[in-house]
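User: I'd like to learn how to read a few features in a structure like this one. Could you walk me through them?
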Amino acid sequence: MEPIPLTLISLLFISLTTSQCLDTRCESGISAGLDTFSVTEYGAIGDGKHYDTAAIQAAIDVCHQSGGGRVLLPSGGDYLTATVFLKSGVTLVVQEGARLLGGTKEEDYPNDSDRWYVVLAENATGAGITGGGEINGQGGEFVVLENERKNVMVSWNATGKCSGDECRPRLLGFLDSKDVKVWDITLNQPAYWCLHLVRCQKSWIHNISIFGDFNSPNNDGIDITDSNNTRISKCHIDTGDDAICPKSSTGPVVKLTVTDCWIRTKSSAIKLGSASSFDFRQFLFDNITIVESHRGIGVQIRDGGNAQDLVFSNIKISTRYYDPLWWGRAEPIYITSCPRFSTSKSGSISNLRFENISAVSENGVFLSGTNHGLLHNITFKNVKLTYKRWTEYPGGLFDYRPDCQGLVKHNTAGMMVEHVSGLDLQNVKMSWSKSSLINGWGTPLYFRPNTVDKISFHEWQSEKSLDI
């Protein structure tokens with residue numbers, strides 16, 4: 001099967017794009033005929049010290065019971081809250097100059113750790129968040145020890161409600177919901193994941209800014225779990241962990257489009273997986289700028305699901321090494337399929353297209369399947385890869401994490417390829433700076449013997465260039 005052309009993939013998203021609320025009234029948070037309920041009318045103080053949870057929830061409940069509308073957090077207030085539950089037809093409007101602050105105590109959140117969010121919508125239709133203001137998770141309060149390598153974080157696991165070292169509240173959650181809209185809002189300092197869509201249908205995320213502590217783990221930007229028909233556009237994400245991260249745990253992720261975004265992260269800017277029990281299909285990432293990230297584009301299939309019909313186009317990438325405590329080794333493009341455990345199923349990756357890509361990176365492209373989980377039909381068209389070393393971190397490692405082989409010593413290659421059937425390189429140019437040649441690079445292309453077939457080269461070029 002041939003890779004799906006870019007124009008055909010684009011058509012898959014036309015109905016989603018045009019059906020979203022894109023007019024100026026929606027983007028400004030003003031919709032004619034909707035009632036407005038100010039939280040101050042229900043007793044909110046907004047001093048950042050006293051909890052305003054009851055007042056905010058009362059305004060949401062009355063708004064919902066009245067048929068929907070807007071719940072307003074007026075400018076100038078800092079509204080401290082435990083979990084508030086957003087409901088169908090209600091848009092939470094945090095005005096510019098207002099902040100919604102998440103509580104920092106375990107008792108601020110529900111008993112079930114799966115519901116630990118500052119704002120949570122469950123089984124809601126038409127719920128939204130906007131307003132130009134800020135929702136702040138006070139992530140700094142969850143840092144036990146600041147460390148430039150990686151912060152040590154609080155973990156609320158003593159009570160048994162949650163296990164492991166990642167027991168912290170997320171910022172925004174939409175669970176089993178439809179027609180989700182989040183736009184024109186700043187999401188700041190999450191303690192854990194920032195914006196989480198779980199089993200949602202038809203979601204629109206537009207013009208939001210996400211800022212997480214660059215040294216804190218697990219503060220993902222946008223996680224899309226088992227959700228379909230999702231559009232993300234014009235977002236600015238600057239955070240420590242994965243920036244845009246589709247995951248499949250209980251069902252497939254289908255029809256995701258991401259456009260016009262700026263990303264910086266100490267982990268992966270775009271990452272599919274590694275939770276991958278079901279399929280990822282029909283994705284489009286277009287006009288993305290990735291800046292000084294530990295990994296640019298990543299696909300990690302570990303749990304038996306498959307990834308297919310994915311297009312990455314018009315993307316500028318800069319990747320660099322950070323401390324190896326963080327997954328990633330400065331790969332601009334990283335595509336891997338391997339079983340998480342010896343008992344795990346193998347998944348496959350097929351029909352991927354990378355078109356109009358430019359990258360400056362400290363490491364090469366990494367394409368790695370397995371005997372039972374081949375990569376099929378991978379196309380690179382109009383791709384410029386520039387290799388340059390500028391940090392002091394050592395190279396010479398392949399990173400198979402999570403699980404699989406871990407970190408493996410190996411000479412660095414411009415493109416490492418193993419267990420691939422169908423690789424098409426069209427107008428691909430590799431440029432090598434003087435500094436990269438000095439720092440232990442191997443060959444431009446490394447093919448693991450007897451694991452690769454159906455390779456096609458059209459105008460492929462590798463050259464030494466001046467330092468940039």
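Analyst: Happy to. Bear in mind that this is a predicted model. Let's start with a cysteine: C245 has a relative accessible area of 0%, so C245 is buried.

User: Which cysteine sulfur is closest to that of C245?

Analyst: That of C194, but the two sulfurs are 13 Å apart, which is too far for a bond. C235 is another cysteine in no disulfide. Its nearest cysteine sulfur belongs to C261, 4.6 Å away; a disulfide would need the two sulfurs within 2.5 Å. With a relative accessible area of 3%, C235 is buried.

User: How many disulfides does the count come to?

Analyst: First the general idea: a disulfide is a covalent bond between the sulfur atoms of two cysteines. Here the count comes to 2. In one of them, C162 pairs with C167 at a sulfur-to-sulfur distance of 2.2 Å. The angle about the S-S bond is -85 degrees, and this link is left-handed. C162 is buried at 16% relative accessible area, and C167 is buried at 0%.

User: Which cysteine is joined to C338?

Analyst: C404 is the partner, with an S to S distance of 1.8 Å. This link is right-handed, with 90 degrees about the S-S bond. C338 is buried, with a relative accessible area of 10%, whereas C404 is partly exposed at 31%.

User: Now salt bridges. How many does a search of the whole structure find?

Analyst: To read one, look for a side-chain nitrogen of Lys or Arg within 4 Å of a carboxyl oxygen of Asp or Glu. The search finds 18. Take E331 and R295, whose side chains meet with an N to O distance of 2.9 Å. This pair links distant parts of the chain: E331 is in strand β26 and R295 in strand β24, 36 residues apart. Both E331 and R295 are buried.

User: Which residues are linked with R295 and E331 in a network of salt bridges?

Analyst: D399 and R401 complete that network.

User: Are the residues of the salt bridge between K429 and E463 buried or partly exposed?

Analyst: K429 is partly exposed, at 26% relative accessible area, and E463 is partly exposed too, at 28%. Their closest N and O atoms are 3.1 Å apart. The bridge links distant parts of the chain, with K429 in strand β33 and E463 in strand β36, 34 residues apart. A further case is E122 with R115, at 2.9 Å from N to O. E122 is partly exposed at 29%, as is R115 at 26%.

User: What does the side chain of R70 make a polar contact with?

Analyst: The side chain of T36, at 2.6 Å. R70 belongs to strand β3, residues 69–73. To see how sequence and space can be read together, take R70 and A127: they are 57 residues apart in sequence, and their C-alpha atoms are 9.9 Å apart.

User: And which residues does S350 touch, leaving out those up to four places away in sequence?

Analyst: S350 touches A307, Q308, D309, H376 and N377. S350 is in strand β27, which covers residues 349–361. At 15% relative accessibility, S350 counts as buried, because the cut-off for buried is under 20%.

Definitions and conventions
Residues are numbered from 1 along each chain as its sequence is written. This is a predicted model: local features need pLDDT of at least 70, side-chain atom pairs count only at pLDDT 80 or more; totals for chains, interfaces and linings use all residues. Side-chain values use heavy atoms; hydrogens and water are left out. Helices (H or I, at least four residues) and strands (E, at least two) are DSSP runs, numbered from the N terminus. Buried means under 20% relative accessible area, exposed over 50%, partly exposed in between (1.4 Å probe, protein chains only). Contact means heavy atoms within 4.5 Å. A polar contact is a pair of N or O atoms within 3.5 Å; within protein, one must be able to donate a hydrogen and the other to accept it, and residues adjacent in sequence count only if both atoms are side-chain atoms.
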